[in-house]
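Please consult the sequence and structure shown here.

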Amino acid sequence: MTGDHSHNDSQINSGSKYGDSHKHKDKYKEREHKHKDHKKDKEREKSKYSNSEHKDSSDKKHREKEKHKDGSSDKQKDKYKEKRKEERAFDGALIRGRENGFASPPHIKSEPENEELYHSPKHKKSLKREHDDDDEFKPKKIKTENDKGEKKVKKRRQEEEDIKPKKKTKDKKGEVRADGKKKAKKEPEEKWKWWEEERYTDGVKWKFLEHKGPVFAPPYEPLPSNVKFYYDGRPMKLSLEAEEVATFFAKMLDHEYTTKDVFRKNFFKDWRKEMTSEEKAKITDLNKCDFSEMNEYFKAQSEARKAMTKQEKQKIKEENERLLLEYGYCVMDNHRERIANFRIEPPGLFRGRGDHPKMGMLKRRIRPEDIIVNCSKDSEHPKPPPGTKWKEVRHDNKVTWLVSWTENIQGAIKYIMLNPSSRIKGEKDWQKYETARRLKKCVDSLRAQYREDWKSKEMRIRQRAVALYFIDKAHVALREAQEGGKVVSCFSEVRFILFPLTPNSQSAKALEMCSSIFLNLSINCYFKILMPHIFTSALMHQTTILNKHLQELMDGLTAKVFRTYNASITLQQQLKELTSAEENVSAKILSYNRANRAVAILCNHQRAPPKTFEKSMQNLQTKIDAKKEQLADAKRELKSAKADAKVRRDEKSKKAVETKKKAVQRIEEQLMKLEVQATDREENKQIALGTSKLNYLDPRISVAWCKKWGIPVEKIYNKTQREKFAWAIDMADEDFEF
DNA sequence: GCACCGACTTAGGATGTTACAA
DNA sequence: TTGTAACATCCTAAGTCGGTGC
């Protein structure tokens with residue numbers, strides 16, 4: 001659908017995304033970040049949390065106050081955020097503008113209305129599975145569901161009563177992989193079908209949770225004495241602390257980051273904090289620092305790692321697997337579930353994306369004293385490493401995280417949570433798609449309504465309607481931005497809104513806007529042409545206000561539901577359009593990828609073309625050429641074999657003809673496969689399919705498509721994806737309609 | 001009503017592993 | 001057997017949204 005995705009567009013996009021944007025540079029002028037001195041920080045934390053083993057509300061308040069005091073960094077963050085969002089919105093809008101973006105294809109309207117009853121699980125009295133309702137109202141649609149409906153529905157709560165979460169339960173969890181060999185690893189035979197059970201109500205996420213806590217980053221290993229750091233041309237032995245931070249920089253020497261001023265400046269500032277006073281006195285200029293020997297050492301190490309013998313590699317692998325087995329799983333409500341990120345982020349230099357003002361800052365090492373552990377009271381609590389204490393152990397079953405800590409760069413909280421294959425993530429995912437399906441039911445009237453509202457006499461209503469239009473069609477979400485110290489929500493800069501009005505803009509044709517939209521924009525633009533934002537903050541500038549409005553329109557509706565809905569409905573529609581029954585499997589998969597790609601383009605999921613793209617494309621072309629030659633040869637041979645057979649008229653030559661014929665056929669097939677591959681790859685050059693596949697496309701659409709056309713689901717989803725979408729694979733049959 | 005924050009979800013680059021061709 | 005491309009997984013930054021407290 002967007003085959004003409006132009007080169008220009010992508011340049012615009014990736015260009016600004018990766019932070020060149022000179023136009024805005026002034027915006028991010030270096031500011032003295034008042035972020036605390038690292039050491040002060042440490043001290044304060046020490047005093048703050050010295051006796052924080054127990055949850056203490058006054059302590060918490062105190063902590064909060066402390067946090068608020070240090071608002072400077074947050075402001076900076078906001079400012080930075082603002083810029084990033086602007087760029088994205090602007091770039092995305094340009095691209096989508098040209099391509100007529102999210103404007104739903106005309107066919108969407110003609111989608112048969114789904115008569116199923118949708119309701120938000122959130123507000124249901126009984127949080128029974130959505131498909132239970134499907135069964136009730138449309139039994140024939142989801143056959144498999146129907147069958148299951150007759151099965152007894154296990155009651156989770158009852159189960160809990162029956163099997164008290166004593167330690168022993170762990171041993172019998174289904175998916176234990178006893179054999180260390182990965183190749184031999186089997187999918188667990190009996191996978192828990194959580195989707196056939198009841199959900200919790202009232203925000204309870206679990207009743208029992210037990211885990212072993214996080215895995216900390218390995219301690220720093222000092223450099224061997226022959227690897228030296230040089231200052232001003234002379235070797236210099238660094239203290240352990242300073243050396244460690246230096247290695248972070250040395251490891252990144254080949255990266256573009258280390259050439260950036262901001263990065264260098266932030267790094268140097270934080271590095272100096274780790275130095276002894278002598279070092280501090282001596283090392284005053286980063287440009288005089290020579291890390292190259294260190295850099296080479298790390299390169300050599302990584303080479304050595306690659307060159308390790310099979311046995312050595314195997315040993316490491318086994319150790320990793322042991323770690324995974326021990327720390328990678330938890331027990332949540334009688335089921336053993338995989339943890340997503342059980343390793344604590346190691347220390348290093350912060351790699352903010354784009355022109356992040358904090359890039360290069362030191363991400364400090366996380367210690368047990370920074371860690372909040374969340375688990376059941378009656379579970380065996382994870383033990384902190386000997387001689388250390390957790391910051392806190394809490395038992396909050398209204399949240400899903402197992403471990404959390406606050407990082408030092410932005411002051412944000414980081415979490416350890418469960419794998420996407422877990423019940424807790426899967427349920428949420430499923431619910432997300434159900435909300436999007438409910439939007440499908442009312443999207444037409446909703447669209448009609450906001451179009452109507454463009455004409456409203458009330459400015460507030462008109463603006464809201466324009467906002468909705470953008471959210472729906474261009475996925476320009478309202479966002480928060482700093483404006484004179486106040487947080488306002490707004491759309492992107494005027495330049496973004498203006499582009500459809502600029503006469504020479506190619507984008508003018510792009511957004512199929514009604515005249516009343518133009519009118520609304522124009523009014524604003526005339527008045528605010530020099531202002532940074534389009535909408536006045538007085539009326540609707542809180543994201544929450546708009547979201548409240550969305551809630552009124554449909555239960556559970558937020559801006560992001562539009563994205564899910566538009567993506568999924570587009571996939572379904574594109575699959576219908578592109579798949580033809582005559583095609584063979586690989587052609588069908590190409591069609592699937594094309595449908596997926598259409599969605600990725602809509603959602604503006606871009607990627608940098610792989611570094612090896614041109615080369616690999618060339619290689620493929622060479623292969624194709626060779627195959628063509630081979631085909632020509634084979635055809636010639638067939639021809640002469642035929643001629644031969646005509647003369648000889650014996651069995652042997654007849655057989656030879658058959659053989660040659662088959663050879664030609666085989667080569668033709670191979671050639672086609674290669675050509676399909678080339679097309680697919682070329683079209684995929686700058687598009688990232690993963691994000692939409694993983695986050696926006698209702699997996700049941702893909703599963704239904706696979707079942708309908710007899711495509712093995714493995715061709716569409718790899719193992720991890722199949723684990724994540726197990727619920728969909730199990731429940732959707734070929735008739736599934738999004 | 002505003003500012004801020006916690007708890008998630010989304011995003012895509014980096015790194016590791018596997019499959020396949022030479 | 002080796003080198004390489006493709007694919008999978010890991011990692012963590014960034015975005016979203018609702019809640020809270022002033």
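Q: At what angle do helix 9 and helix 12 pack, and how is that arrangement classed?
A: In this predicted model, helix 9 (residues 240–251) and helix 12 (residues 292–306) have axes 9 Å apart and an angle of about 70 degrees between them. Angles of 65 to 115 degrees count as roughly perpendicular. Helix 9 is therefore, relative to helix 12, roughly perpendicular.

Q: Which residues of helix 12 meet helix 9?
A: On the side of helix 9, the contact involves Glu243, Ala246, Thr247, Ala250 and Lys251. The residues of this contact divide into 4 nonpolar, 2 polar and 2 charged. Their partners in helix 12 are Met294, Asn295 and Phe298.

Q: How many residues in the contact of helix 21 with helix 23 are charged?
A: Helix 21 contributes Ser586, Leu590, Asn593, Arg594 and Arg597, which meet Lys673, Val676, Thr679, Asp680 and Glu683 in helix 23. The contact includes 2 nonpolar and 3 polar residues. The number of charged residues is 5.

Q: Which residue does UniProt list for "active site", and is that residue buried or exposed?
A: The annotation comes from an unreviewed UniProt entry and names Tyr696. Tyrosine 696 is placed in the loop between helix 24 (690–695) and helix 25 (699–709). Buried means under 20% relative accessible area. Because its relative accessibility is 18%, tyrosine 696 counts as buried.

Q: Which residues does tyrosine 696 touch, leaving aside residues up to four places away in sequence?
A: The loop holding tyrosine 696 lies between helix 24 (690–695) and helix 25 (699–709). With residues up to four places away in sequence left out, tyrosine 696 touches Tyr433, Arg563, Thr564, Ala567, Ser568, His605 and Thr691.

Q: How far apart are the end C-alpha atoms of residues 299–326?
A: The unreviewed UniProt entry places the feature "coiled-coil region" at residues 299–326 and 617–684. In the model, the span 299–326 is 89% helix and 0% strand. Its end C-alpha atoms are separated by 31 Å.

Q: What C-alpha to C-alpha distance separates methionine 359 from lysine 260?
A: Methionine 359 is in the loop between strand 7 (348–349) and strand 8 (362–363), and its relative accessibility of 1% makes this residue buried. Not counting residues up to four places away in sequence, methionine 359 touches Tyr257, Lys260, Val262, Phe263, Asn266, Phe350, Gly352 and Gly354. Methionine 359 and lysine 260 are 99 residues apart in sequence, and their C-alpha to C-alpha distance is 9.1 Å.

Q: What separation do the C-alpha atoms of isoleucine 409 and methionine 361 have?
A: Isoleucine 409 belongs to the loop between strand 11 (403–406) and strand 12 (413–416). With 0% relative accessibility, isoleucine 409 counts as buried. Isoleucine 409 and methionine 361 are 48 residues apart along the chain, and their C-alpha atoms are separated by 7.2 Å.

Q: Which residues does histidine 549 touch, not counting those up to four places away in sequence?
A: Histidine 549 is part of helix 19 (residues 543–553) and is buried, with a relative accessible area of 9%. Leucine 468 is 81 residues from histidine 549 in sequence and 9.8 Å away, C-alpha to C-alpha. With residues up to four places away excluded, histidine 549 touches Arg464 and Leu468.

Q: Is aspartate 232 buried or partly exposed?
A: Most residues other than glycine have a negative phi. Aspartate 232, in the loop between strand 2 (229–231) and strand 3 (234–236), has a positive phi of about 55 degrees. Because its relative accessibility is 43%, aspartate 232 counts as partly exposed.

Q: Is asparagine 334 buried or exposed?
A: Asparagine 334 is not a glycine, although its phi is positive, at about 70 degrees. Asparagine 334 lies in the loop between strand 5 (329–332) and strand 6 (335–338). Its relative accessible area is 7%, so asparagine 334 is buried.

Definitions and conventions: Residues are numbered from 1 along each chain as its sequence is written. Chains are lettered from A and ligands numbered from 1 in the order in which they are written. This is a predicted model: local features need pLDDT of at least 70, side-chain atom pairs count only at pLDDT 80 or more; totals for chains, interfaces and linings use all residues. Side-chain values use heavy atoms; hydrogens and water are left out. UniProt positions are given in the numbering used here, feature names are shortened, and annotations may be inferred rather than shown by experiment. Helices (H or I, at least four residues) and strands (E, at least two) are DSSP runs, numbered from the N terminus. Buried means under 20% relative accessible area, exposed over 50%, partly exposed in between (1.4 Å probe, protein chains only). Contact means heavy atoms within 4.5 Å. Axes are lines fitted to C-alpha atoms, for helices over the stretch in contact, and angles run from 0 to 180 degrees between N-to-C directions. Angles under 35 degrees count as roughly parallel, over 145 as roughly antiparallel, 65 to 115 as roughly perpendicular and the rest as oblique. Ala, Val, Leu, Ile, Met, Phe, Trp, Tyr, Cys and Pro count as nonpolar, Asp, Glu, Lys and Arg as charged, and the others, Gly among them, as polar.
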